Amino acid sequence: MISDNHSAQSESRSRSGAEKSLDEGFIWLTRILGIGVGVILLVIALTVAYRALPAIQQYGLGFLFGSDWNPVKEEYGALPMIYGTIVSSAIALLIAVPLGVGTAIFLSEDFLPLPVRTALVFLVELLAAIPSVVYGLWGIAVLIPIITNIGKFLNGNFGWLPIFSTAPVGPGMLPAGVILGIMTLPIITAISRDSLASLPPELRQASLGLGATRWTTIFRVLVPAAFSGIVGGIMLGLGRAMGETMAATLLIGNSNQLSASVLAPANTIASLMANQFAEASGLQVAALMYTGLILFIMTLIVNILAEWIVSQVRAKYN
Amino acid sequence: MSNSVSDENPFGSKTGSLKKVKNSPQALFGLAMTLLAGAALTISLLPLFAVLSYVTVQGFNRLNLDLFTKLPPAPGLSGGGIANAILGTLMTVGIASLIAVPFGVLAAVYLSEFSSGQIPRWVRFATNVLSGVPSIIAGVFAYGLFVVNMGGFSAIAGGAALAVLMLPTIVRTTDEALQIVPQDIRWASVGVGASNYQTVLQVVLPAAIPAILTGVTLAIARAAGETAPLIFTALNSPFWPAGFDQPTPTLSVLVYKFATVPFQAQKELAWAASLILVLMVLLTSILSRWATRQKVY
């Protein structure tokens with residue numbers, strides 16, 4: 001190494017022009033690709049909007065409120081799918097929010113030894129790793145028979161309620177909502193737990209020092225302090241539920257009829273696209289692109305809000 | 001509940017004490033809430049074990065050599081395999097990796113090494129938003145850009161859609177991995193006369209390579225399980241893949257197509273393919289978990 005040092009000294013020189021431009025070029029390459037990540041979002045939006053243009057010109061905003069989807073007559077309205085997307089996501093959140101926040105609280109407190117908790121947190125994360133289509137296949141084989149039986153009970157005893165007014169036929173809004181709930185659970189749990197765990201320990205110590213019980217501390221101090229993080233997690237879960245495709249497609253029954261009953265088959269925007277895109281042509285492609293644009297905008301708003309909320313929370317406590 | 005304190009005399013009047021009262025309303029409320037939260041955890045984990053065990057039971061007895069060497073049977077016939085879909089998944093995921101890995105790693109290099117001001121904040125924000133874009137929208141995008149312009153369904157279009165989904169994961173994990181590399185190493189490299197790209201390519205990236213590989217593996221495993229972006233980009237085919245510009249079968253689309261057919265042989269293949277997908281994702285998740293625990297710095 002010493003001899004190396006010698007030669008380096010004797011050959012001391014400044015960088016050649018080629019080396020400098022190589023260096024500059026490399027920095028520029030990474031800069032372009034870095035900004036390119038943001039540009040991809042724009043390109044996605046522009047591509048989908050451009051391909052949807054014929055349908056936008058043809059149907060305008062009335063597309064959002066039309067309830068017919070008839071490729072033969074070339075009449076397209078997205079209302080049943082928008083309704084299905086919102087209702088199935090709402091069912092998903094009804095299931096996932098209490099379970100996810102409850103799990104998050106349980107795993108952020110010291111009810112169990114730390115190694116056990118770490119393992120359980122990992123297991124909850126694994127729920128998010130199972131491919132969506134596998135949930136769908138499992139849902140057909142296991143979940144639908146169970147929910148059909150529950151649905152028969154609900155329809156038999158509470159059939160006078162509009163939401164249980166039809167006899168269950170197997171696939172429908174309810175099984176789809178349940179599977180979406182299972183799939184959004186890990187996101188809600190992970191983000192709620194993170195925001196609970198990142199609270200400064202002084203909050204807990206002060207509350208306990210004032211004589212509050214553990215659960216009073218959780219409800220009056222910890223959950224309110226982590227509230228916006230939990231809301232951010234719920235919003236991210238909502239975004240995932242709205243865009244989730246395969247499990248919903250396999251379980252929702254793909255009916256374009258509007259029905260108030262959660263036991264009846266329905267459709268979401270994503271499952272409509274999954275079903276029809278491969279065989280579509282002409283104006284139908286544009287109409288499907290239009291629904292895709294609607295879904296993109298819906299999830300974009302939800303996700304941007306969620307990211308903003310979560311980043312505010314991080315900034316507050318870091 | 002060990003902290004439960006009788007609330008009736010908060011400021012220690014004559015009768016007040018710090019004795020725990022086991023059956024006070026507060027203690028019972030605490031116990032009930034603890035049980036509820038524990039129940040929430042149990043119910044949350046139930047689907048994981050239900051799905052894993054059911055897929056294993058249904059798919060395990062079809063895991064044989066035929067599965068990996070033969071084509072799916074014609075409707076009504078038995079036997080066969082899913083070799084064409086395995087090859088197709090390798091093709092689409094391979095294309096996606098070729099696009100997303102260099103793109104994502106270099107974008108993360110920009111974020112962690114060369115950026116300043118407000119731009120990196122926006123790029124990180126865009127990365128997070130991109131990771132929330134529904135997978136089917138990635139498919140719609142690839143359909144609008146590649147299928148329409150190239151005149152047909154192809155493995156390339158499918159790969160491009162998967163690349164969009166892989167990109168945020170790769171950017172995020174690489175960004176995090178690079179930020180953990182100590183600043184001293186960069187100074188040392190620049191100190192011995194290395195230029196920026198030499199520092200990044202020969203010093204910083206190699207130091208972060210285990211964590212980057214972990215992120216990339218995870219992204220690849222997740223992409224292999226994606227179905228929605230492939231149904232109308234790579235489409236499907238009952239035959240061997242005929243080329244990168246032709247409709248290509250994949251494991252995940254095969255599960256979707258065979259999930260609803262009335263034939264027993266196809267259903268068995270769907271379960272076997274599901275088992276392969278689940279095993280792949282689980283193993284990479286566990287491995288990556290194990291790998292990230294072995295910290296270099």
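The legends below describe close-up views of a predicted model.

**View 1. Helices H7 and H8 of chain A.** Two packed helices are described by the angle between their axes and the distance between the axes. In chain A, the axes of helix H7, residues 201-209, and helix H8, residues 214-225, come within 10 Å and cross at roughly 160 degrees. Because of this angle, H7(A) is roughly antiparallel to H8(A). The crossing of the pair H7(A) and H8(A) is right-handed. From H7(A), the residues Leu203(A), Arg204(A), Ser207(A) and Leu208(A) meet Thr217(A), Val221(A), Leu222(A) and Ala225(A) of H8(A). Sorted by class, this contact of H7(A) with H8(A) has five nonpolar, two polar and one charged residues.

**View 2. Helices H3 and H6 of chain A.** Helix H3 of chain A, residues 79-108, packs against helix H6 of chain A, residues 173-197, at an angle of about 40 degrees, and their axes are 5 Å apart. H3(A) passes H6(A) in a crossing that is right-handed. The residues of the contact of H3(A) with H6(A) divide into 20 nonpolar, eleven polar and one charged.

**View 3. Helices H6 and H8 of chain B.** Helix H6 of chain B, residues 155-180, and helix H8 of chain B, residues 196-225, pack with their axes 8 Å apart and at an angle of about 150 degrees. This angle is why H6(B) is described as roughly antiparallel to H8(B). The crossing in which H6(B) passes H8(B) is right-handed. The residues of H6(B) that meet H8(B) include Leu162(B), Leu165(B), Met166(B) and Thr169(B), while those on the H8(B) side include Val204(B), Ala208(B), Ala211(B) and Ile212(B). By class, the contact of H6(B) with H8(B) has 14 nonpolar, five polar and no charged residues.

**View 4. The contact between chain B and chain A.** Here 76 residues of chain B are in contact with 76 residues of chain A. On the side of chain B that touches chain A, the largest share, 19 residues, comes from helix H1 of chain B, residues 25-60. The residues of this side of chain B divide into 55 nonpolar, 20 polar and one charged.

**View 5. Val255(B) in the largest nonpolar core.** The largest nonpolar core has 185 residues, of which Val134(A), Val255(B) and Ala273(B) touch the most other members. Leaving aside residues up to four places away in sequence, Val255(B) touches Val133(A), Val134(A) and Leu137(A), and also Ala270(B), Ala273(B) and Ser274(B).

**View 6. Two loop residues with a positive phi.** Most residues other than glycine have a negative phi. Asn254(A), although it is not a glycine, has a positive phi of about 50 degrees, and its place is in the loop between helix H10 (246-252) and helix H11 (269-276) of chain A. Because Asn254(A) has 19 C-beta neighbours inside 10 Å, it counts as partly exposed. In chain B, Leu235(B) is likewise not a glycine and has a positive phi of about 60 degrees; Leu235(B) is found in the loop between helix H9 (228-231) and helix H10 (251-259) of that chain. Leu235(B) is buried, because 22 other C-beta atoms lie within 10 Å.

**View 7. Gly156(A) and Ala167(A).** Gly156(A) has its place in helix H5 of chain A, residues 132-158. With 10 C-beta neighbours inside 10 Å, Gly156(A) counts as exposed. In sequence, Gly156(A) and Ala167(A) are eleven residues apart, and in space they are 8.3 Å apart, C-alpha to C-alpha.

Note on methods
Residues numbered from 1 in each chain as written. Chains lettered and ligands numbered in written order. Predicted model: local features only at pLDDT ≥ 70, side-chain atom pairs only at ≥ 80, totals over all residues. Axes fitted to C-alpha atoms, helices over the stretch in contact; angles between N-to-C directions. Helix = DSSP H or I, 4+ residues; strand = E, 2+ residues; numbered from the N terminus. Parallel < 35°, antiparallel > 145°, perpendicular 65-115°, else oblique. Left-handed = near helix turned anticlockwise from the far one by under 90°. Contact = placed C-beta atoms within 7 Å. Nonpolar A, V, L, I, M, F, W, Y, C, P; charged D, E, K, R; others polar. Core = buried A, V, L, I, M, F, W, Y, C linked by C-beta atoms within 7 Å. Buried ≥ 20, exposed ≤ 12 C-beta atoms within 10 Å, placed from the backbone.
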